[in-house]
Amino acid sequence: MLASSSSLSSLVTDVTVPIVQLNGERMADDNSAVLSVSGLRKSFGQRHVLRDVHFAGHRGEALALIGANGCGKSTLLRSLVRLVEPDAGAIHAMGKAVLSLNSSDLKNYRSRVGFVFQKHNLVGRLSVLTNVIHGVQGRASGMRTWCHAFAKKEWREEAMQCLAAVGLADRALQRADSLSGGQSQRVAIARMLMQRPELVLADEPDASLDPKAGEEVMGLLYSLSRDKGLTLIMISHRVEHTIRFSDRIIGLANGVVEFDCRSKDMEPQNLLSFFKGEAALV
Ligand SMILES: Nc1ncnc2c1ncn2[C@@H]1O[C@H](COP(=O)(O)OP(=O)(O)OP(=O)(O)O)[C@@H](O)[C@H]1O
Ligand SMILES: [Mg+2]
């Protein structure tokens with residue numbers, strides 16, 4: 001029999017304290033909130049997608065956001081950078097009250113948030129290195145940001161380091177459209193690293209990849225969050241990725257956070273029920 005959402009919550013350890021990496025372990029730390037969301041609401045017409053969402057994310061912490069199709073996960077991620085404008089609530093991120101930012105401060109804030117989508121949006125006819133250098137455009141402009149041949153030496157070097165971080169330094173001068181899906185997604189991650197983000201939002205980065213490439217991409221994002229102290233919020237519909245590549249799992253249903261627990265305390269079967277939207281029905 002399936003667990004109800006409330007009994008599901010009781011099956012996992014209720015952990016709402018912040019967690020950060022320390023000596024390889026992620027430890028509680030009250031002063032490390034990079035992101036906090038409270039009372040967030042968003043409706044589309046009569047459809048109340050986010051009703052009252054609360055959660056916090058901390059430096060070096062990887063959060064998995066889960067829930068059934070259409071429950072509002074992407075809406076929530078997009079709200080964090082106001083690609084969707086919330087109706088009410090508060091978002092504090094990297095010291096900013098995000099919902100009060102004017103347009104120039106919002107642009108600056110967005111440049112510190114890295115996005116990884118299912119679709120990587122590389123420019124296929126350009127080199128891998130040029131695509132990664134495009135990541136500098138959040139903090140610089142002009143034709144030197146357009147192409148690796150014009151780019152400043154320090155940008156080229158940084159872009160090569162970003163490519164090395166995703167294991168593709170040897171592909172720098174290859175055309176982006178000659179890469180596999182998994183390699184393309186890794187280049188998109190390198191481009192995102194070039195932004196020097198503090199917060200990374202990844203909306204189903206594994207969705208269109210085969211199992212091996214999907215696992216590599218999720219593992220890469222998870223290890224980058226640890227190694228670089230990034231706060232990662234990712235969405236995946238794969239149970240094993242959700243548990244393995246996150247520190248905490250936040251379950252969204254009926255417009256609210258139904259549970260917030262340590263990933264290592266989550267039973268795959270319970271998570272599967274929740275994914276299917278079955279748990280909330282019983
Ligand atoms: N711009 C929009 N206008 C109207 N309705 C929208 C808009 N964006 C999202 N919705 C609706 O809001 C609900 C939540 O959508 P959202 O994409 O956030 O769900 P999701 O949890 O990411 O789903 P999935 O797992 O399928 O990606 C859906 O019913 C969707 O149709
Ligand atoms: Mg979605």
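Start by selecting R196, which sits in the loop between α6 and β9; helices (H or I, at least four residues) and strands (E, at least two) are DSSP runs, numbered from the N terminus. This is a predicted model, in which local features need pLDDT of at least 70, side-chain atom pairs count only at pLDDT 80 or more, and totals for chains, interfaces and linings use all residues. Residues are numbered from 1 along each chain as its sequence is written, while chains are lettered from A and ligands numbered from 1 in the order in which they are written.

R196 is not a glycine, yet its phi is positive, near 55°. Its 17 C-beta neighbours inside 10 Å make R196 partly exposed. The classes rest on C-beta atoms placed from the backbone: 20 or more others within 10 Å is buried, 12 or fewer is exposed, and in between is partly exposed.

Next, select N121, in the loop between β8 and α4. Its phi is also positive, near 55°. N121 counts as exposed because it has 12 C-beta neighbours inside 10 Å.

Now select α6, residues 181–194. The expected span (1.5 Å times one less than the number of residues) is 20 Å for its 14 residues, and the end C-alpha atoms are 20 Å apart, in agreement. Twelve of the 14 residues are buried, so α6 is largely enclosed by the rest of the structure. Among the buried ones are Q183, R186, A190 and M194. To see what surrounds them, show β8 (113–117), α4 (128–133), α5 (153–165), β9 (199–203) and α7 (211–228), against which the buried residues of α6 pack.

Then colour the largest nonpolar core, a set of 73 residues in which V132, A190 and L221 touch the most other members. α6 gives the most to this core, with seven residues. A nonpolar core is a set of buried Ala, Val, Leu, Ile, Met, Phe, Trp, Tyr and Cys residues joined through C-beta atoms within 7 Å. Centre on V132: leaving out residues up to four places away in sequence, V132 touches A159, C162, L163, V187, A190, R191 and M194.

Finish at ligand 1. Its shell includes F44, R47, N69, K73 and T75; a residue is near a molecule if its C-beta atom, placed from the backbone, lies within 6 Å of it. β4 (47–58) and α2 (73–79) each supply at least two residues of this shell, and the largest share, three residues, comes from α2.

Key:
Two residues are in contact if their C-beta atoms, placed from the backbone, lie within 7 Å.
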